[in-house]
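Below are some numbered notes on the model, for checking against the coordinates. Please read them with the structure open.

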Amino acid sequence: MSGPVQPPLTVETVDGTTSGRPITTIKVTNGDLSISGSVATIDTSGGGGGGTGTVTSVGTSQAFITITDPTTTPSISIGNASGAATGVLTAANFNTFDAKQDAITLTTTGSTGVATFTADTLNIPNYTTPQASYITLGTDSGLTNERVLTAGSGISFTDTGAGGTLTIETTGGGGSVTSVALTESGNALTVTGSPITGSGTLNIAGAGDSSQVILGDLTLGTLTSGTVTSVSGTSPIVSSGGTTPAISLANTAVTPGSYTTADITVDAQGRITAASTGSGGGGSPGGSDTQIQYNNGGSFGGSSVMTFDDTAAAEQVLFSGTSSKAIFKVEQLGAGNSIEVHDAATDTTIFLVDQFGRAAIKTNTVSAGYDLTVGGSSFIQGHIKLSTGGTTANPAIKWDGDTTTGINKPTNGEIAIVSAGTETFRFGANNDLEIAGNAGTSGQVFTSGGASAAASWTTPSGGSSIWNQTNTKNNINSSYRRFVVSRLAPWGQYGTGTTTTGVVNTPHCRPFISPVSGDVTEIGINVTTADATATTKLSIGIYSDSNGAPDSLLTTAVMNTTSTGSSFQTSFTGTATLVAGTQYWYMWVRNNNTNSINFTAMSNSHLVWVGASSTVSAGMNQQAVLSLSGSDNILPGTVTQSNLTPSFYGSIELGLKIA
C-alpha cells in the first residue's frame, strides 16, 4: 500500500510506548492491509511474504530422540544404535555387518557328527537317520538311572519303578525289534519263549531242586549231607584221608572245641558245621573286636565297657563306661590283698589295697594303725585338709616315734606348736605371740634364754624403745603434729648450724624415722631465693624404705617458691601413710634448671654420715645425703638403688605434718 494517509487518523497503542508523533506514514511489510470505511486493518498472520513468530515448546514420543531446551531454542539429537537401543546405524557398523554376512559360508558336508564353525564356514551335516539320544532318570523317580534311545522310529520302552511307569517314544526312520534270543550252555536254567519277536515274552527259571546248587559252569550239582567218612582235597579243606581224617579248615569259621569226624557235617548248601563233644565252648565270639568275652545268657557276649588291646609293647585292658555304679569293683572275702600293682615279679615297692581297704604306696606293707602308708616322698599340688585340730597330748600333725610333738589348731585362726606334750608357742588370732600360754604385756620384748633355757617376755630397762615411744607433744595436745624430720630424733632438737642449699638438678635424699602414725597432710620448707615467675619449682617426694635405701614413691608435693620465707603445701599426688618407728626417705629436686632457687638447709657438720665406705676418715661426716643419678629434674616412681651414691651436700630442712 502506498499513498498519504488522510486525516482524521486514530492510532491506538496496544503494547509499548508510542514515539515519533505525529504519525504521517504507515508501512505494511509481510502483511495485508484492509480498509473498511474509515478503519484500516493490518493483518500479519499470513499472506504477503509470510509471517514470523517464536517456538514455545518442542516434544517427542520416541525414546531414542533427545531434545535439549525444548522451549525457545531446542536442540534435537538421535543417538547411535546398539544391541540395547534403537538409533542411527553408523557407516562403520553397517560395513561391519555387511562384511560379516559376506564372510560366512554355509555347507552341508557329511551325514553324521555335530555342526561345526571353522574359518568362517558353518557346516551342518545332512543327517540321513535320527541320532542316538540319552535320558537320565533320577533315583527319586524309582526308574532306572539311564536309558539309551538309539536311532529309529517308533522306538518305545516302559520302565516300571517305585514312582510309576515312564514311556518314551521317538520319531524317526521307523523300524522294530525282530528277534531276541538267549544262549545258555549248561543245564541249570530253563528258558521258554526264546527266541521272541515283536512283543513276545522271555521266561527264565531254575532247572534244579532244593538240594541242588548252580555251579560255575552253569551246571547243576548235588551236595550230600551226613557223617563225613572221608575227606580229601586242598584249601580250604586239607585232610589226611581215611575214615578218621585229621582235618584242617582254612578260611572257614568253626565253633571252638574238640571234635571227632562224626561231629563235622556238610549241609545241602555246602556249609561246614561242627558240634562240640569235647571240652571246648560253643558259639561264635560276641560283640566287636577287642571286647572281652563273657557268658551272655548261654552265648558268647562282648561289651565296650571292657576291652583288650594286644598291640605289642602297648597292651592295655580298658574299663570305660557311663555306669551309675563303681565301674570296677573288687570283693576280697579271703585273707589276701584286694589289689596289687607291680612293675616286676619280685617287686616289693608296690601299690596295694589290702582286704580292709587300707592302702600302701611304694611298699608292700600297711603300717599298723594307719590307713595310708607311703614308702617314699610325697608331692601334693593341692592342699591338705584335716578334720581335727588335734590336742596337746595328740597333735593333729606329728612324727613317727614322737607322737606327742607336732602342730595343733587350738581354735579358729590360731596355730600351736607342741613339744613333748607341752604347748611351747602359739600364734594367736589377734597377731599376738604366746610363749607357753603367756602373751606377755604391752611393751615387753621377746627374749631368748640361751641354748638351754626357754624364751620369755621381758621388760627392757629404761622403759620402751625410743624408736617406738609415743610422742609427748601428741599426748599434751593433738594439734601438735608438725615435726622437723630433717633433724635427728626426737625430731626437732635445737641446732644453730643451718646453711643454704642451692639449685639441685640431681635428686638428693635422706632417711627419717616417723614419730607418729598417720597420713602426711602438709610439707613445709623455708625459701631463701625465690623465682617470682614460678618457672622453676621444687619437687619433694616421700619414699618407702627397702634394705636401708629409698624404694617406692608414696606421695609428691610441688612447693610454692615464688616468694621467700616459709612455704607450705597441702596438695599431693598420692597418699603417704606413715607408721610410727618406721624408716622412710624424703627426696628433693628442682623441676628444671631455668632459674635459681635456694632453701634453708642443715649444716653438713650437724648431719651423720649415710654413705657406705670401706675406710674410716675425718671427712665422712660430710657425706650427709645420697645422690641419685639418671633422674635429672624428676622424682622416679621406683628408685634404682644401684644409682645411689653418698654426697657432700647438706640436707634441705624439711617439716612434715602427720594427721
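1. Start at Ile339, whose bridge partner in β24 is Val353. This is a predicted model, and the pairing should be read as such. Strand β24 covers residues 351–353 and runs antiparallel to β23, with 3 bridges joining the two.

2. The sheet around this pair is open and has 4 strands, ordered β23-β24-β25-β26, with mixed pairing. Which strands stand at the edges? They are β23 (339–341) and β26 (372–374); each has a single partner strand, so one side of each is left without a neighbour in the sheet. Averaged over the sheet, and with direction ignored, neighbouring strands are turned by 5 degrees against each other.

3. The largest contribution is that of β27, with 3 residues. In total 14 residues line the pocket, and those nearest its centre are Tyr370, Leu372, Ala396, Ile397 and Lys398.

4. The space in this largest pocket comes to about 700 Å³. What classes of residue make up the lining? There are 9 nonpolar, 2 polar and 3 charged residues.

5. Next, the salt bridges: how many are found in the whole structure? The search gives 4. One of them joins the side chains of Asp354 and Arg358, at 2.8 Å from N to O. The two partners fall in separate accessibility classes: Asp354 is buried, because its relative accessible area of 4% is under the 20% limit, while Arg358 counts as partly exposed at 26%.

6. Glu414 lies in the loop between β28 (402–408) and β29 (415–419), and Arg426 is in strand β30 (residues 422–427), so the pair ties together parts that are 12 residues apart in sequence. Arg426 also meets the side chain of Glu423 in a salt bridge, here at 2.9 Å, N to O.

7. Asp69 has phi near 55 degrees, a positive value in a residue other than glycine. Asp69 sits in the loop between β3 (65–68) and β4 (75–78). With a relative accessible area of 35%, Asp69 is partly exposed.

8. Where is the other residue, Thr290, found? Thr290 belongs to the loop between β19 (272–274) and β20 (291–296). Its phi is positive, about 80 degrees, although Thr290 is not a glycine. Thr290 counts as partly exposed, at 36% relative accessibility.

Note on methods:
Residues numbered from 1 in each chain as written. Predicted model: local features only at pLDDT ≥ 70, side-chain atom pairs only at ≥ 80, totals over all residues. Heavy atoms only, no water. Pairing = 2+ DSSP bridges. Axes fitted to C-alpha atoms, helices over the stretch in contact; angles between N-to-C directions. Buried < 20%, exposed > 50% of the residue type's maximum accessible area, 1.4 Å probe, protein only. 1 Å grid on protein atoms, 1.4 Å probe; cavity = no way out; pocket = protein on both sides within 12 Å on 5 of 7 lines; lining within 4 Å. Points joined across faces, edges and corners; volume = space filled by probe spheres on them. Nonpolar A, V, L, I, M, F, W, Y, C, P; charged D, E, K, R; others polar.
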